[in-house]
Amino acid sequence: MANKELQSIAEFCRDNWSDYCDFTIKTADRVCENRFLFDSPRDMERTESTVDFGKKIDWYYKLNGDEEFMFQLNRHGYLIQLGQAYYLTCDEKYLKKFCTILNDWLDTVPCDYKNNSPWRSLETGMRSDKWLKALKYIEGTKFFSSELKEKIDKSLLTHIEVLKKAHSGFQKGSNWGIIQDSGLFHIGVYFNDNDIISFALKRLEQETDLQIMFDGFQWEQSNNYHNEVLLVLLDVIIDADKNNIALPEKLKNKIEKMAEAALKTVKPNGHNPLFGDSDDTDMRDIMSRCALVFGRSDFKYYGFDRLDFNTVWQTGYKSIEKYNNIGKIPPSFNNAFLADSGNYILRENQTKASNYLLFHNGYTGAGHAHADKLHFDLMIKGRDVLVDAGRYTYLNNAQRRYIKSPKAHNVCLIDNKQYLNVSSQWETKNPALAVQYPCFDNEYCTLIGGAHLGYLKSRNAFVERKIFYIKPDIYVIVDVFKAKGFHTYQQYFHFAPTGKITISANNAQFDDGIVKANMHFVTPNAKIKKENSIYSSNYNAICKNDCIKSSFFALGNTSAITVIYGNTAKNFVPYDVSFEQIKTARSEKMLNASKAAGVVIKTPKKEYTICLAFKELKEPFGCNNKIGSGTISVFENDKLIFTKW
C-alpha cells in the first residue's frame with residue numbers, strides 16, 4: 001500500500017519542481033537498465049559518462065581506474081531516486097528494481113573492512129544514511145518482503161560494527177568521522193537503540209569540537225566538504241526532531257555556526273566558491289534546509305521561495321507550510337571577515353547582481369586543501385571573472401597536482417618556485433604559515449590582507465597581499481615582497497572560461513558578453529602575457545580557460561599594484577589608471593617604488609588618489625597634490641576618505 005503522505009509530497013513536487021521530477025525519473029530509468037551516471041547535484045564525485053553494466057552490476061568497478069566511481073556506486077543514493085520515481089509515476093518497476101539492487105548487493109558484497117572496497121568506512125556511513133532515507137518508499141508495499149527486511153537489518157548490524165571500529169585520529173579530524181557517525185546515529189534511531197544514539201552523538205560532539213573552527217568553517221579548507229558535513233549534521237537535527245531526541249545544545253550551536261559560514265561565503269548567484277577540493281554547486285537547497293531547521297529568514301534569502309525537492313521528501317509534507325511561514329530577509333551584513341579560517345568576503349550588496357570578492361589566507365588544512373594562500377575570486381555584477389581552478393580528479397596525475405598548486409590560483413610566486421609543494425594527490429610538503437592582518441571598513445572603503453611565510457626559508461623573503469576595495473566597484477591589489485638580492489616575480493590571474501581575454505599594453509580586459517572587467521598592471525616594469533590554464537566546474541569535468549601572467553624583477557624589496565574594476569557590458573566605461581611616484585611632504589624627496597607608491601584612478605565622475613607606504617615613513621607623503629600619512633591614505637577628489645597607520 002502506498003504511503004499517503006509521500007503521495008502528497010509527490011503531488012507537491014509535480015506542481016512545483018517539474019524539472020527535478022523529470023530528472024529524478026530519468027535517473028531512475030537509467031538505474032533500471034543498470035546504467036549509471038552520477039550527475040545529481042549532491043553526488044560527491046560526479047561523472048561525465050554513463051557506465052552500462054548490462055545484466056549484472058559490478059560493485060567493484062573503477063571507471064578509468066578511479067576508485068571514486070566504485071565508492072559512489074556503493075553509497076546507494078539512487079535507491080532514494082527509485083523510490084521517489086515510484087511515487088511520481090506509480091510505476092512499480094522502480095520498486096522492483098529497488099529490491100533487486102538491494103538483494104544483489106546484500107548477497108554478493110561481503111564485509112571486508114578494506115579501505116579500497118565498498119566497505120570503506122566512509123561508504124559504510126553514507127550507505128546507512130541512504131538506506132534509511134530510502135526504506136520509507138518501499139515499506140508497506142508488496143515488494144518489501146520479510147526476508148529482505150531481515151537481510152537489511154542484519155547488514156545494518158554489520159554496518160554498526162564497522163562504524164564503531166572506525167574511529168582513529170583520521171576519522172576524528174576529517175569529514176569522514178562526522179559523515180560516518182551521522183550514519184551511525186541514523187541506524188541507532190532506526191533500531192530505537194539509545195546506546196547507539198548516545199554513542200554516535202558523543203562522537204559527533206568530539207568531532208565537531210576538533211573540526212569546526214570558531215567562525216564556523218570545517219578545518220579541511222574545502223568548501224565542498226564543509227557543505228557535505230553541514231548537510232549530514234542538518235539531517236541529524238531533522239531525524240532527532242522527528243523522533244523527539246534531545247541533541248546537545250553545543251552540537252546544535254556548532255551546526256548553526258557552520259550554516260552561518262556557508263551563508264557568509266555564498267556567491268551572489270547562489271553557488272559556493274571553489275576553494276579547496278570543490279565543485280561549482282548550487283547552494284540554494286542547503287540554504288533552504290538551513291532556513292527550515294533554524295527558522296531563519298536570512299538563510300531563506302539565499303534559498304528557494306518554496307521548499308526544495310529533496311528537503312520536502314526528507315522532512316515531510318507539513319514542513320511545506322512551516323517553510324512558507326518563514327520570511328525572506330537579506331542578511332544584515334555585506335562584508336564578512338572569518339579570521340579563523342582565513343576567508344574574507346567583500347560584497348557590494350546582497351543582490352544577485354552584486355560585486356563579490358573572496359580572499360583566502362588561512363590554515364592550510366588537510367588533503368582536500370590547495371596551495372591557495374593569498375588567492376582571491378572576483379565576481380562583477382554577479383558574474384564570475386577571476387576564479388579558482390576547482391578539483392577535477394583525485395587520481396595522482398599531473399592535472400591533479402597542477403590544480404592543487406599555487407600556479408592554478410590567483411597568487412604570486414618568487415623565482416617561479418612554489419611556496420607549498422604538492423607531492424601527491426593528497427600530500428603537501430612544508431605548508432606555508434599564514435599571517436592574518438586586521439580588517440578595516442568604513443562607508444567608502446574596505447582594506448583586507450595577509451601574508452605567508454612560504455618563501456622565508458627558500459628565498460629569505462616575506463610575501464604579503466593587501467586588497468583595497470573602493471566601494472562599489474574598484475579593487476586595488478597590492479602585493480609586497482620583502483626580500484634580499486635579485487629575484488623574479490610572477491603574478492597569476494585565472495579567468496572564468498565564459499569570457500574572452502584581450503591584452504593591450506599592460507592592461508587586460510575580460511568580456512563575457514554580459515559584463516566587462518579591466519585589469520591594469522600598474523607595476524612599472526611588469527610584462528604580461530596570456531597563458532592557457534584549466535578549469536573544473538565539477539569532478540571529472542574540465543575545460544580550458546585563460547590565465548594572465550605578470551612577470552617582473554627587482555633587487556631587494558619590491559611591490560606590484562593591480563587595479564581591477566568592471567560593470568555590465570552596457571554600462572562599462574574604462575577608467576584612466578596611472579602609477580605615481582611618492583614625494584615626502586617635509587623634505588620633498590622622491591621615494592623609490594620599493595618604499596612607497598601612488599596610484600591615481602580617474603572615473604567619469606570622480607578621481608581617486610591612493611598613497612601607499614611599504615615601510616614606516618617619518619613624515620607625511622603623497623602624490624597628485626595630495627598629502628597622506630600612515631601606510632595608506634585614499635582621497636576621493638580632494639576629500640580624505642581612508643587612512644590606515
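Which residues form a positive surface patch? Here are some notes on that and a few other features, with the reminder that this is a predicted model.

1. The positive patch. Four lysines make up this surface patch: Lys589, Lys595, Lys615 and Lys618. One of them, Lys595, sits in the loop that runs between β24 (583-584) and β25 (596-602). With a relative accessible area of 36%, Lys595 is partly exposed.

2. Phe486 belongs to strand β16 (residues 486-494), and its relative accessibility of 52% puts Phe486 in the exposed class.

3. A buried threonine. For contrast, have a look at Thr124 in helix α6 (residues 121-134). Thr124 counts as buried, at 0% relative accessibility. Leaving aside residues up to four places away in sequence, Thr124 touches Trp119, His159, Val162 and Leu163.

4. Salt bridges, starting with Lys93 and Asp29. Side chains of opposite charge can pair when their charged atoms come close. The structure holds 34 salt bridges. Among them is the one between Lys93 and Asp29, whose closest N and O atoms are 3.1 Å apart. Lys93 lies in helix α5 (residues 93-108) and Asp29 in helix α2 (residues 18-32), so this pair ties together parts that are 64 residues apart in sequence. Both ends are partly exposed: Lys93 has a relative accessibility of 36%, and Asp29 has 25%.

5. Another helix-to-helix pair. Asp209 forms a salt bridge with Lys250, again with 3.1 Å between the closest N and O atoms. This pair links distant parts of the chain, 41 residues apart, with Asp209 in helix α10 (residues 194-211) and Lys250 in helix α12 (residues 249-265). Asp209 is partly exposed at 35% relative accessible area, as is Lys250 at 48%.

6. A loop-to-loop pair. In the salt bridge between Arg459 and Asp415, the closest N and O atoms are 2.7 Å apart. Arg459 lies in the loop between β13 (445-452) and β14 (462-470), while Asp415 lies in the loop between β8 (412-414) and β9 (421-422), so the pair ties together parts that are 44 residues apart in sequence. Arg459 counts as partly exposed at 21% relative accessibility, and Asp415 is also partly exposed, at 21%.

Notes. Residues numbered from 1 in each chain as written. Predicted model: local features only at pLDDT ≥ 70, side-chain atom pairs only at ≥ 80, totals over all residues. Heavy atoms only, no water. Patch = residues over 30% accessible without salt bridge, like charges linked within 9 Å, V, L, I, M, F, W, Y side chains within 5 Å. Areas by Shrake-Rupley, 256 points an atom, 1.4 Å probe, with all protein chains shown as cover. Salt bridge = Lys/Arg side-chain N within 4 Å of Asp/Glu carboxyl O. Lys, Arg positive; Asp, Glu negative; His and termini not counted. Charge placed at Lys NZ, Arg CZ, Asp CG, Glu CD. Helix = DSSP H or I, 4+ residues; strand = E, 2+ residues; numbered from the N terminus. Buried < 20%, exposed > 50% of the residue type's maximum accessible area, 1.4 Å probe, protein only. Contact = heavy atoms within 4.5 Å.
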